[in-house]
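Dear colleague,

I am passing on the structure we spoke about, placed just below, and after it come some notes on what was found there. Please read them with the model open beside you.

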Amino acid sequence: MAKQRYYLDTRVLTAFFFAAMPFVAFGSFIVVNQARNQLRESVGVSLEQRAVQTKLALEQYVGEQVVQLRVLALDPDVQRALAVPARAVPDAEARQLEQAWASGKDAKLNASLLDSPLAARLKPLGLVRPSVKRLQIVDANGRVVAASSRGGRLFYAETDWFKDLAAQEGEPEEHLGQLYRPPGSTVNLLEITFPVRSQDNVWLGAVRALLDASDLYTVLAPVRIGRTGHASLIRSTDGMILASDESERILKMPLPGFDSLRNAIEGFPLGESGKQIFGRTGPHRGYWTIPDVRGKGEDGRAVLVEPARLVGFSPIDQVPDVSWMVTVEQDLSEALAPIESVTRYLWFHFIGVFATVVLLALYFSFKLERPVMEEELHLHEEHVPAGMHRPA
């Protein structure tokens, strides 16, 4: 009995390839899309964690500055100097003294504030910590009684920070002012004040320090992620940049795309104190995708100001009197670069497989149109009985 031979129908194979390709491609791109979302989630959580770490470092930095002022407020010489009852100064005299202090022409006034033994204790602190631009000791009437350098006001009784410290009860707390830039200066300053109290908890006055706000950047500078990832300190109310590696933007413009980020900030619930609770609480998250930020160029055409970014954020909640927020951002294209390369590979793979199937289909089509092989004719003749042959 002759052995049977089986042949694969090439038309069925070609139809199978064409039918299977869309399902394979569709499934591949679904997997890639899920991977993209998971990668975005992973990078966003990583940026949020870096923002939290940077926020803790900033709070520690501010806490160290407050400790220096607390130690100064507990200094026996400072407390003895402020324990002497301060003389009330009439308004007219106060205005004259203020003008004399601003002009620097009153040598006697300058000597009493800058060359006194109490002032001599302040100057070494400024030498040890270069970020400290000025230290002042203020009495209970709001008048400066000693200073490490000339500058600023002489009377602070009407300022918000002085009223806030004078009204405190219980445990003394520091007061932080907003970052600002004095007129005609290129240095941004941060004001920190701390109350001075006697051993009987009697209000005696305050110590006031002006710090170079650029020193805050020393905490942000080490935060680097890839080529574009960096940290910034912004004001959470309007997005104003307070510290960043882009110094030309500090106190001049808000974070690009802050209006979009505001939606994420406003989505957090309120706590008992009325402040928003930040962190991974329920469906809320501490990161956000800011789309491309566009503006108008000099010719009036739309130009790209900032590319799309993934931003992790965390508020400064352990420092009173300020509305600060740390952001750690990275370009979205860099953050999703791994999955983008996989997507490109899948596209190339899909195109290659499609081209291969088309070539196979063409090959099989041409093969079906060829005459039957001679071997098959011989095989057919072997199965024909000898008596059935026609005579020549």
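In this predicted model, Gln136 stands opposite Ala147 of strand 2. Strand 2 (residues 144-147) runs antiparallel to strand 1 (residues 132-139), and 3 bridges join them (strands are DSSP runs of E of at least two residues and helices runs of H or I of at least four, numbered from the N terminus; two strands pair if DSSP finds at least two bridges between them). The two strands form a hairpin with 4 residues between them, and Gly142 in the turn has a positive phi of about 90°.

Ile137 touches, among others, Leu118, Leu122, Val144 and Val207, leaving aside residues up to four places away in sequence (contact means heavy atoms within 4.5 Å).

In helix 5 (residues 117-128), Leu118, Ala119 and Leu122 are buried, whereas the face turned away from the buried side carries the exposed residues Pro117, Leu127 and Val128 (buried is under 20% relative accessible area, exposed over 50%, with a 1.4 Å probe and protein chains only).

As for confidence, the protein averages a pLDDT of 81, and 82% of the residues score at least 70 (pLDDT is the predictor's confidence in each residue, from 0 to 100). Over residues 269-283, however, the pLDDT is below 50. Where pLDDT is low, the predicted coordinates should not be read in detail.

Residues are numbered from 1 along each chain as its sequence is written, and side-chain values use heavy atoms, without hydrogens and water. Local features need pLDDT of at least 70 and side-chain atom pairs count only at 80 or more, while totals for chains, interfaces and linings use all residues.

Best wishes
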